[in-house]
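User: I'm new to reading protein structures. Could you take one part of this one and walk me through it closely?

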Amino acid sequence: MKRKLERRKSFIDWFINSNGATSVAVVFLGFLFGTILVAVVGKNPFNMFKAIFVSMVGQANNKGIWNFRYVGETLAYSIPYVLTGLTMAFACRVGLFNIGGEGQYVIGMTIAQMVALLVPAFPGLWVLCLVLAVIGGAIWGGIVGILKAKFQVSEVVATIMLNYVALYGSRLVSLQLPGATTYKTAALPSQAFLSKMIIPTSNLNISFIIMIGACLLYWFIMEKTKLGFGFRATGLNKDAARCSGINVVKNISLAMAISGAFSGLAGACVLLGGAFTSGRILAAQDNYGFMGIAVALVGNNTALGTFIAGILFGILKESQSLMQNMDIPKEITFIIQGLIVVFIALRSGLELVKQLREKQKVRKEVLAK
Amino acid sequence: MNMIISSIPTILMIVAPILITAIGGMICERSGVVNIALEGLMGIGACAAASTHYLMEAAGCGRYSIAVALLVGMLVSGLFSLIHAVASINFNADQTISGTGINLLADGVTIFASQILFHADRTKEFKVGMVVDKLGLYPTAYIALVVVLVAWYVLYKTPFGLHLRACGEHPAAAESVGINVRRIRYIGVGVSGILSGLAGGCIVLTQTIQYTSNTINGRGFIAIAAVAFGRWTPLGVTGAAFLFGAAQAFSVIATNFPALKVIPAEWFNMLPYAITLIALIVFSGKDYAPQASGKPYSGGAS
């Protein structure tokens with residue numbers, strides 16, 4: 001009996017202290033509440049999970065041939081989620097809150113379409129588009145870093161402002177591009193598009209490999225370099241880092257720039273990934289940047305976690321149209337994602353539980369004496 | 001000159017909801033909680049108000065439906081703001097994360113509700129929204145005026161207002177003189193939720209005929225900008241809301257002015273955000289923001 005009790009206790013301790021386990025629990029809770037909501041409004045939750053299942057493994061058509069198009073679309077959708085997730089994760093590790101992924105994404109997309117339309121087409125044009133988009137995103141993020149480090153401007157407010165400056169700036173610039181109407185520009189040259197791979201019926205393209213490369217790069221910089229050590233030290237305790245000779249101002253600016261670069265890449269990947277044939281004149285935000293916040297939080301700001309969480313969000317995005325066909329409002333996926341973020345915010349309550357347990361433990365030890 | 005006067009009602013129509021939301025956000029921050037969920041809360045209020053108004057109009061009781069719709073909007077978005085309150089006050093959550101969560105949740109909940117109620121990704125169009133008075137003004141202008149005056153009076157002329165400001169500056173000191181910090185912060189967050197819902201209802205009942213996912217379109221974030229640019233005081237926030245609201249209005253009515261026609265509307269849209277950013281840089285180093293705003297307070301023990 002006592003043993004059983006102890007085992008249960010150690011499970012609770014393990015659960016509270018494991019970021020991975022609480023992340024899984026948070027996602028589970030999000031889905032649970034979503035399922036209950038669907039059932040409450042009189043729809044069949046089974047259809048919701050069927051749609052999610054199909055976007056994970058594909059579906060057999062009526063001739064019995066397995067169709068992997070859905071899987072390809074899922075993976076394609078997950079590319080921007082993972083990249084904007086890396087944006088948020090990178091900043092978080094340096095103790096910053098970059099909710100400007102949306103603006104950096106818009107800048108990347110805008111630069112990619114400017115390059116595609118204004119530079120004379122040549123084979124490999126897409127490389128130039130991606131590189132300049134990355135630089136654009138880095139500059140847009142770096143501005144915030146400099147403002148934060150030099151002028152103590154809150155990066156939360158600054159990024160919110162820059163998100164909208166980017167959106168309307170993008171409109172101003174894109175409306176001047178060749179063939180611009182109220183919602184699109186002229187068709188992009190074929191050399192600008194990312195080539196498809198593995199599942200040619202879907203939009204899965206080589207940027208998936210680039211995205212995996214970005215995850216590896218993130219892991220390498222953060223965990224294996226002196227620069228990353230400085231970043232993490234700045235994130236853990238700014239003052240201690242400064243006292244040990246780490247250039248905090250430089251680190252914050254550089255970290256925001258690298259962070260923004262990931263989202264800039266995401267913008268270019270979405271534009272050139274095959275879902276669009278011409279440049280875009282954005283009427284509203286695509287929300288990839290905000291979803292990236294959720295992705296990074298679910299993934300605990302690690303490279304692998306962000307990758308897995310990004311795939312999960314890709315699955316949800318792909319399942320939207322399937323759900324709508326099965327009479328489940330597709331917005332349930334937004335609700336699930338929103339709930340996941342809310343539960344992650346509530347996760348900090350576990351700290352209180354931890355403190356309480358520590359107190360109980362100490363009390364018991366004192367009483368035992 | 002005539003044209004400027006004739007565009008005042010339009011400007012006030014656009015300023016009013018931004019001002020109402022910004023005052024709510026200001027009260028919330030003065031109590032020590034940062035609320036970046038204003039955008040989402042406005043959406044929830046707008047959706048609830050639009051649905052209520054349509055359903056009551058269809059049921060034939062249109063006479064009181066505007067007032068009831070606004071009240072429902074305030075109630076629903078007030079309830080949603082409690083999520084933020086519980087997370088940031090009881091659970092010491094990161095307030096930016098829980099605010100972001102509510103913003104994402106609002107995108108889903110509002111359209112989900114429309115899908116269930118109206119089988120479309122928007123609410124059904126109502127026939128008559130708010131009507132203008134003899135001066136050509138919508139009632140929202142007066143509502144905003146009342147909100148500002150009451151907020152100023154309560155914040156600076158009542159003991160409660162003093163307590164609320166103390167909680168935002170130094171919660172430990174406030175608690176040491178017997179102020180219930182958690183209760184005050186709950187009220188701060190709740191007020192910002194209720195006012196955001198009111199503003200959402202005002203937008204939907206004056207500027208459009210239904211709720212869509214584009215109805216709010218960044219106005220909640222403009223309100224956040226107005227709070228920072230107005231340096232967390234009622235007068236400053238009012239001035240900022242007027243400036244930003246006028247910029248928004250000009251993007252709509254610039255076509256009436258030959259001199260302004262040549263400027264693309266996007267410049268006016270961008271203005272509030274750019275001005276706020278520049279102001280934050282210029283005023284940097286001087287602390288106008290409430291000292292404890294955004295920091296969880298875990299009670300006297302620490």
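Analyst: Happy to! Keep in mind that this is a predicted model. The largest nonpolar core has 208 residues, and Cys129(A), Leu265(A) and Ala226(B) are the ones with the most contacts inside it. Take Leu265(A): beyond its neighbours within four places in sequence, its contacts are Leu83(A), Gly108(A), Leu130(A), Ala133(A), Val134(A), Gly137(A) and Ala214(A). There is also a second, separate core of eight residues, including Leu164(B), Cys167(B), Ile184(B) and Ala292(B).

Now for our close look, at helix α2 of chain A. This helix covers residues 19-40, 22 residues in total. From first C-alpha to last it reaches 31 Å, close to the 32 Å expected at 1.5 Å a residue. Which residues of α2(A) are buried? They are Ser23(A), Val26(A), Val27(A), Gly30(A), Gly34(A), Leu37(A) and Val38(A). These cover an arc of only 110° around the axis, so they sit on the same side of α2(A).

What covers those buried residues of α2(A)? The cover includes three helices of chain A: α3 (45-57), α12 (288-298) and α14 (332-346). Turn to the face that points away from the buried side, and you will find the exposed residues Phe28(A), Leu32(A), Ile36(A) and Val40(A). Just after α2(A) comes Gly42(A), with a positive phi of about 85°.

How values were computed
Residues numbered from 1 in each chain as written. Chains lettered and ligands numbered in written order. Predicted model: local features only at pLDDT ≥ 70, side-chain atom pairs only at ≥ 80, totals over all residues. Core = buried A, V, L, I, M, F, W, Y, C linked by C-beta atoms within 7 Å. Buried ≥ 20, exposed ≤ 12 C-beta atoms within 10 Å, placed from the backbone. Contact = placed C-beta atoms within 7 Å. Helix = DSSP H or I, 4+ residues; strand = E, 2+ residues; numbered from the N terminus. Expected span 1.5 Å × (residues − 1). Arc of directions from axis to C-beta.
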